[in-house]
Amino acid sequence: MGYKNKNDMNTYLKEKYYRLKKAVFNLLGNKCAQCGETEGLQIDHKDKTLKKYNVLRQLRCKPWAIILKEVEKCQLLCKKCHLEKTKKEFDRYGEKNSSAKLKNEDVEEIRNFIKQGLSYREIGKMYGVSNVSISNIKNNKTWKIGRAV
Ligand SMILES: [Zn+2]
């Protein structure tokens, strides 16, 4: 694979990412498993305890066959249903979580929730951390996700 310059390489990687992402979404039916919505879909692990990694984040790193194994555990949910499910999960596991440190993947989710317009307080409650922690995440003070996309 020869690339004239770094930009060509970046474009290639981006295209590859979107192609693979589309393939994953196709496999999962391209609609929300709960309500049938087709816009703003997110990948959700049906059972969080079986989650090994974030599929989209690993798309370009892991072989497709490995990705497929993880995709089998997933479903698509629209923002609304994903939020509801996540809230329920935190209601269930909340106690245990209250003193737990946030993982990188939590931080990603939190950023998503912020984008979706949830208040820091509301998000903090779900993750058992203060609204200040959430606002720090927003401002990138405490958390930096490595591996720039
Ligand atoms: Zn839905």
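Colleague: What makes Glu 109 partly exposed?

Modeller: Glu 109 has 19 other C-beta atoms within 10 Å. A residue is buried with 20 or more other C-beta atoms within 10 Å of its own, exposed with 12 or fewer, and partly exposed in between, the C-beta atoms being placed from the backbone. The count of 19 therefore makes Glu 109 partly exposed. This is a predicted model, in which local features need pLDDT of at least 70 and side-chain atom pairs count only at pLDDT 80 or more, while totals for chains, interfaces and linings use all residues. Residues are numbered from 1 along each chain as its sequence is written.

Colleague: Which helix holds Glu 109?

Modeller: Glu 109 is in helix α5; helices (H or I, at least four residues) and strands (E, at least two) are DSSP runs numbered from the N terminus. From C-alpha to C-alpha, Glu 109 lies 9.8 Å from Ile 123, and the two are 14 residues apart in sequence.

Colleague: Why are α6 and α7 called roughly perpendicular?

Modeller: The axes of α6 (residues 120-127) and α7 (residues 131-138) cross at roughly 110° and come within 8 Å. Axes are lines fitted to C-alpha atoms, for helices over the stretch in contact, and angles run from 0 to 180 degrees between N-to-C directions. Under 35 degrees counts as roughly parallel, over 145 as roughly antiparallel, 65 to 115 as roughly perpendicular, and the rest as oblique. The two helices are therefore roughly perpendicular to each other.

Colleague: Which residues of α6 and α7 meet?

Modeller: Tyr 120, Arg 121, Ile 123 and Gly 124 of α6 meet Asn 131, Ser 133, Ile 134 and Ser 135 of α7, where contact requires C-beta atoms, placed from the backbone, within 7 Å.

Colleague: What makes up the largest nonpolar core?

Modeller: Nine residues make up this core: Ile 110, Phe 113, Tyr 120, Ile 123, Met 126, Tyr 127, Val 129, Ile 134 and Ile 137. A nonpolar core is a set of buried Ala, Val, Leu, Ile, Met, Phe, Trp, Tyr and Cys residues joined through C-beta atoms within 7 Å. α5 (104-115), α6 and α7 each supply at least two of its residues, and α6 gives the most, with four. Apart from it lies another core, of six residues, among them Cys 32, Leu 41, Leu 76 and Cys 81.

Colleague: What does Val 129 touch?

Modeller: Leaving out residues up to four places away in sequence, Val 129 touches Leu 102, Gly 124 and Ile 134.

Colleague: How many helices and strands does the chain have?

Modeller: The chain has seven helices and two strands. Of its 149 residues, 13% count as buried.

Key
Two residues are in contact if their C-beta atoms, placed from the backbone, lie within 7 Å.
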